[in-house]
Amino acid sequence: MGWFKRESHDVEVQDCGFGNFNFVCTCGAHSRSGRSKDEAATKARLHQQATRRR
């Protein structure tokens, strides 16, 4: 799969306001806003782990 370039995957959990959080990655991936900061952090960690397996 040489057609894609290797991108960095630095994730950040963001506060969307009204008690909602999501994560944004430097590769452009993001999650829907949810009520839990821990849930957003878990999704971010899983995203990073999935990209390492590719």
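Author: What follows takes the labels in turn, for a model that is predicted.

Reader: What makes up the chain in terms of helices and strands, and in which order do they come?

Author: The chain has one helix and two strands. Along the sequence they follow the pattern β-β-α.

Reader: How do you know that β1 and β2 pair?

Author: Pairing requires at least two bridges found by DSSP between the strands. Strand β1 (residues 11-17) and β2 have six bridges, in the antiparallel sense, so under that definition they count as paired.

Reader: What lies between the two strands of the hairpin?

Author: Two residues separate β1 from β2 in the hairpin. Phenylalanine 18, in the turn, has a positive phi of about 55°.

Reader: Why is asparagine 22 called buried?

Author: The cut-off for buried is under 20% relative accessible area. Asparagine 22 has 11% relative accessibility, so it counts as buried. Its place is in strand β2 (residues 20-25).

Reader: Which residues does asparagine 22 touch, leaving aside those up to four places away in sequence?

Author: Asparagine 22 touches Glu12, Val13, Gln14, Cys16, Ser31, Arg32, Ser33 and Ala40. For contact, heavy atoms must be within 4.5 Å.

Reader: What makes the approach of asparagine 22 to serine 31 a polar contact?

Author: The side chain of asparagine 22 reaches the backbone oxygen of serine 31 at 3.5 Å. The limit for a polar contact is within 3.5 Å, for N or O atoms with a donor and an acceptor. The value of 3.5 Å for asparagine 22 and serine 31 is given at that limit.

Reader: Asparagine 20 is also found in strand β2. Is asparagine 20 buried or exposed?

Author: Asparagine 20 counts as buried, because its relative accessibility is 18% and the cut-off is under 20%. Beyond residues up to four places away in sequence, asparagine 20 touches Gln14, Asp15, Ser33, Gly34 and Arg35. With serine 33, asparagine 20 has a C-alpha to C-alpha distance of 5.6 Å, at a separation of 13 residues in sequence.

Reader: Why is the pair of glutamate 39 and lysine 43 called a salt bridge?

Author: A salt bridge needs a side-chain nitrogen of Lys or Arg within 4 Å of a carboxyl oxygen of Asp or Glu. The N to O distance between the side chains of glutamate 39 and lysine 43 is 3.5 Å, so the pair meets that definition. A search of the whole structure finds one salt bridge. Both residues lie in helix α1 (residues 37-53), four residues apart, about one turn of the helix.

Reader: Why are glutamate 39 and lysine 43 called partly exposed?

Author: Partly exposed is the class between buried, under 20%, and exposed, over 50%. Glutamate 39 is in that class because its relative accessibility is 39%. Lysine 43 is there because its value is 36%.

Reader: Where does threonine 42 lie, and what is its class?

Author: Threonine 42 lies in helix α1. At 32% relative accessibility it counts as partly exposed. Threonine 42 and valine 13 are 29 residues apart in sequence, with C-alpha atoms 9.8 Å apart in space.

Reader: How many residues has the chain, and what percentage count as buried?

Author: Of its 54 residues, 20% count as buried. The accessible surface comes to about 4,400 Å², with 49% belonging to carbon and sulfur atoms.

Note on methods
Residues numbered from 1 in each chain as written. Predicted model: local features only at pLDDT ≥ 70, side-chain atom pairs only at ≥ 80, totals over all residues. Heavy atoms only, no water. Buried < 20%, exposed > 50% of the residue type's maximum accessible area, 1.4 Å probe, protein only. Areas by Shrake-Rupley, 256 points an atom, 1.4 Å probe, with all protein chains shown as cover.
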